[in-house]
Amino acid sequence: MEAQKSATFRSLSESVGQFNLRDKTFLIPEMNRMGAHLLAGAFRSFGVNALVMETYEGLDLGKEFTSGKECFPCQVTTGDILHFLKKEKERLGGDFNPENYIFFMPEAEGPCRFGMYNKYQRIVLDSFPDLKKVKIGSLTSKNSYALKGMIEKEQARDFRKAAYFSVVIGDILDKLLWRIRPYEKEEGATDDFIERSLSAMADSFEAYGAKKDFDRILDKLEAIVEEGKTLIDPEIPPKPLIGIVGEIYLRTHVHSNQDVIRVLERYGAEVINASIAEWVDYTTYEKVREAKVGLRLNLKQLRFDKVRSYLKQVLSYGGDLLYQRIKLDSAYKRVKPLVDLAGDHRIADLEKTLMKHDLYSFELGTEACLSIAGIMEYMHGGHNGVVNVYPFTCMPSTITTSIMRPIMNREKIPFLDAPYDGTCQPGREAAIRTFMYQANQHFNRNGRKKRH
Ligand code: SF4
């Protein structure tokens with residue numbers, strides 16, 4: 001019994017972590033479709049055989065190997081990896097070698113159980129004798145997703161830059177989709193166009209990512225935006241603008257959220273979702289903020305060895321944050337003159353918004369920081385309604401609603417909570433229709449925000 005326990009703990013430390021990806025197949029779960037495929041392209045440009053796994057096809061397996069107490073993204077991603085490996089075993093038969101695969105499952109610190117998914121999934125994989133040797137590659141928000149050990153040391157910094165850029169470009173492709181689809185001349189044309197564009201951009205990352213030739217990637221993006229614009233029917237008048245906030249997986253994984261953006265569009269909305277880059281920037285911003293706190297405390301206590309170490313962290317993470325901002329701005333600067341896409345929030349501005357209205361604190365952390373401040377930005381930016389999308393029982397999203405619903409009621413801005421757990425709720429569509437009716441009324445009374 002003791003031996004079994006210690007083998008389990010050993011597996012959690014030895015088979016979950018940062019492993020060299022060379023000569024392995026790196027399995028990326030599809031959360032946000034754009035970002036996952038562009039990230040895989042960036043990995044491939046550095047010689048890593050990265051592929052994005054089919055998603056949601058293994059939900060039955062995910063449910064079978066979870067207890068029901070986990071949050072929904074855990075069930076979906078557990079199903080994704082089990083389904084992939086099952087198919088791979090069928091495909092390869094006796095040639096299947098579990099040591100060839102590393103499954104990518106990042107984690108976040110804080111109260112979110114997301115930090116435990118990869119440990120839980122380790123236990124699940126270990127329960128299959130032939131899957132014990134599939135490793136789980138994990139990055140953590142604790143060090144702002146540093147890649148130590150996964151990519152050769154001399155390439156790690158360049159890869160981080162290419163990976164961040166893939167996140168930004170993925171966000172822009174998504175924004176392009178949401179900008180065009182509600183106004184498309186021909187039904188279905190935007191979806192086809194975006195799928196083609198995604199594949200072209202992934203190829204572009206594969207070709208130019210490692211060379212850091214981001215200008216070539218932006219040239220391709222510019223051509224895509226130009227083509228996309230031609231799909232818009234200029235005769236269709238602006239529609240009510242709806243902002244989405246919430247938990248990152250649920251709000252970006254279209255299968256899990258039952259394609260909520262498309263449903264909102266069907267009832268007359270134009271939608272904008274919070275971006276993925278915002279979350280990455282937030283984790284870096286948090287590291288800078290924490291290092292500044294440590295620096296101040298240790299300065300007061302005259303502990304100079306610690307002061308030096310915190311100062312180094314402030315400069316290092318501060319440099320990362322500045323670099324991210326410059327790359328993000330450079331991408332938006334290229335596309336915004338071509339099409340009126342929504343920009344991204346600066347995390348420092350979101351923190352200021354929270355402090356100004358005394359609603360919540362970055363000291364408390366979690367995605368509630370972004371969601372609460374994001375709703376305030378939507379509200380002041382002239383959006384006609386806000387939807388909070390999250391896994392059923394998600395704590396940060398529940399906090400968001402408890403703080404923001406009374407304010408939204410007071411301001412008479414439609415607000416909808418949309419928790420998901422994989423079941424089809426009979427009232428969901430009616431709730432969205434009612435919400436859109438209210439958003440239309442708000443739009444008719446107040447007009448809507450001009451995109452910036
Ligand atoms: S429910 Fe929300 S807070 Fe809890 S683990 Fe899932 S995503 Fe994290």
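An open sheet of 4 strands has the order 7-6-8-9, and its strands pair in parallel. Two strands count as paired if DSSP finds at least two bridges between them. Helices (H or I, at least four residues) and strands (E, at least two) are DSSP runs, numbered from the N terminus. Strand 7 (270-273) and strand 9 (415-420) lie at the edges; each has a single partner strand, so one side of each is left without a neighbour in the sheet. From one strand to the next, the twist averages 25°.

The model is predicted: local features need pLDDT of at least 70, side-chain atom pairs count only at pLDDT 80 or more, and totals for chains, interfaces and linings use all residues. Residues are numbered from 1 along each chain as its sequence is written.

Strand 6 (residues 241-246) pairs with strand 7 in the parallel sense, over 4 bridges. Within this pairing, Ile-244 stands opposite Asn-273 in strand 7. Helix 15 (residues 395-411) packs on the sheet and touches strand 6, strand 8 (385-391) and strand 9. Contact requires C-beta atoms, placed from the backbone, to lie within 7 Å. The direction of helix 15 makes about 160° with that of strand 8. Axes are lines fitted to C-alpha atoms, for helices over the stretch in contact, and angles run from 0 to 180 degrees between N-to-C directions.

Helix 15 also meets helix 14 (residues 368-380); their axes come within 9 Å and cross at roughly 20°. That makes helix 14 roughly parallel to helix 15. Angles under 35 degrees count as roughly parallel, over 145 as roughly antiparallel, 65 to 115 as roughly perpendicular and the rest as oblique. Helix 14 contributes Ala-368, Ser-371, Ile-372, Ile-375 and Met-379 to the contact. Residues from helix 15 include Pro-396, Ile-399, Ile-403 and Glu-411. By class, the contact has 8 nonpolar, 3 polar and 1 charged residues. Here Ala, Val, Leu, Ile, Met, Phe, Trp, Tyr, Cys and Pro count as nonpolar, Asp, Glu, Lys and Arg as charged, and the others, Gly among them, as polar.

The protein chain is divided into domain 1 (8-151) and domain 2 (238-274 + 345-452), with bounds from an automatic or database domain assignment. Their centres, taken over C-alpha atoms, are separated by 30 Å. In the contact between them, 13 residues of domain 1 meet 16 residues of domain 2. Helix 4 (residues 72-92) supplies the largest share of the domain 1 side, 4 residues. That side has 9 nonpolar, 4 polar and no charged residues.

How values were computed:
Contact = placed C-beta atoms within 7 Å.
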